[in-house]
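Thanks for asking me to look this one over. Here are my notes, written so that you can follow along with the model open.

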Amino acid sequence: MQLEKYSMGIGDRFAHQGRAQLQAIARAKSEGFDVVPVWNKSHREHLATQSVPGSVRKEADQAVQALSWDGSYYVDADHIGLQTVDLFMDSSDFFSIDVADAIGQRASEDDVKAFVDQNERYIGTLEIPNIAEAFETSREQVEGIANQFLRAVRQAGQIYRHIEGAKGRDGFVPEVSMDETDTPQTPVELFFILAAIANEGIPIQTIAPKFTGRFNKGVNYVGDVDQFGKEFEEDIAVIAYAVQEFGLPENLKLSVHSGSDKFSIYEPIHRAIQKFDAGLHLKTAGTTWLEELIGLALAGGDGLSLAKEIYRVSLDRFEELCGPYGAVIDIDSDCLPDVIDSWSGEAFAAALRHDPSCAQYNPHFRQLLHVAYKVAAEMGDRYLDALDRFETVIAENVMENIYERHLKRIFMVG
Ligand SMILES: [Zn+2]
């Protein structure tokens, strides 16, 4: 199974927007831009919405059938570990092997020594094609990298082999995810991580490093855009070189997580993949659920009341909802509106929709609602029935969002 050059991860917390999501991708295809859809949902999201991994497979299959999509598509076991992987075994054919928690666990002295010896030739001056300046590396530095990452890569190998045992080597796309950690990985670190991954025998097709800067859920990038652009290009060059040096799969590419809505870095990302003719997996961060709220609000009447109710409850449960997402949200509670009873549907939509040029847009409001999907999940059929009832206006927003704000900017602009 070989993942195509361009792919987009789409999340759908309530499994109602698969068709609208695929429609956006089909529209890009009809304009000559091939991007394959990857439906993803993590164990944490399944717990919060009380769903099972098989439901994502079902949704994807149904969307594909409804739209007569004849291209590839995948179902991603998002951020799995040894404890959760089995739940996804039957329904997934893409596995994001998350080993971020093992980063920084010291490796054994023997392992470190073996790794450093094996990579002796990259110590001193490390020249990588397409990176203007060579990197200076030392033995101590490579030992440090080994101590930082070898254990995590070992664990990835263990999980990989477990999946391979069940599905066969060609039965799935393996990704290694290291994004959910505090410290970004530099291009040099990425190079040695890939050396370790190759050693471990993982035929990795996508890698999700932690990039420099802050990737808050569903809102814009916070950080130095130029620095990001430089490192992103270096990461691409590192991958191309590592493929050659370590015999990793030819289609290995970067996976950008929480990628949705990082509009300020879309341009450098787009430029870099064009410049190097490189592939990309862009994983969006569950913003489809926010488009459902926007659609409900714009529908007015009961739809708008429900959207307001979800916000009111979320505000009351602020601490509980935001707690687990501390590393990926920044909300100033003073900027959250207290009372929104008199708001029109348009006002609600304008506050929530990610249009930084709009004066009413409120990123605090947006981030709170982003992590508040649990509130809607607890409403059960009340929420799901509303999704059915207002399907048309919701689907329009879901499709428009993915097509206009993401696909077009990353994969399509000339
Ligand atoms: Zn991630």
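1. A word on the source. This is a predicted model, in which local features need pLDDT of at least 70, side-chain atom pairs count only at pLDDT 80 or more, and totals for chains, interfaces and linings use all residues. Residues are numbered from 1 along each chain as its sequence is written.

2. Overall build. The chain has 17 helices and 10 strands; these are DSSP runs numbered from the N terminus, with helices being H or I of at least four residues and strands E of at least two. Its radius of gyration is 21 Å, close to the 22 Å that the globule rule gives for 414 residues, so the chain is as compact as a globular protein of that length. (The radius is taken over C-alpha atoms, and the rule is 2.2 Å times the number of residues to the power 0.38.) Along the principal axes, the C-alpha atoms fill a box of roughly 70 × 45 × 40 Å.

3. Two domains. The domain assignment gives domain 1 (6-286) and domain 2 (288-403), with bounds that come from an automatic or database assignment. Their centres, taken over C-alpha atoms, are separated by 29 Å. The contact takes 25 residues from domain 1 and 24 residues from domain 2, where contact means C-beta atoms, placed from the backbone, within 7 Å. On the side of domain 1 that touches domain 2, α1 (18-30) is among the elements giving two or more residues, and α1 gives the most, with six residues.

4. Helices α7 and α8. Helix α7 (residues 187-199) packs on helix α8 (residues 225-246) at an angle of about 30°, their axes 9 Å apart. Axes are lines fitted to C-alpha atoms, for helices over the stretch in contact, and angles run from 0 to 180 degrees between N-to-C directions. The two helices are therefore roughly parallel; angles under 35 degrees count as roughly parallel, over 145 as roughly antiparallel, 65 to 115 as roughly perpendicular and the rest as oblique. Among the residues meeting here are Phe191 and Leu194 in α7, and Val238 and Phe246 in α8.

5. Helices α10 and α17. Here helix α10 (residues 288-299) and helix α17 (residues 391-412) pack at about 140°, with axes 8 Å apart, and are therefore oblique to each other. The α10 residues in this contact include Ile294 and Leu298, while α17 brings residues including Ile394 and Val398.

Definitions and conventions:
Two residues are in contact if their C-beta atoms, placed from the backbone, lie within 7 Å.
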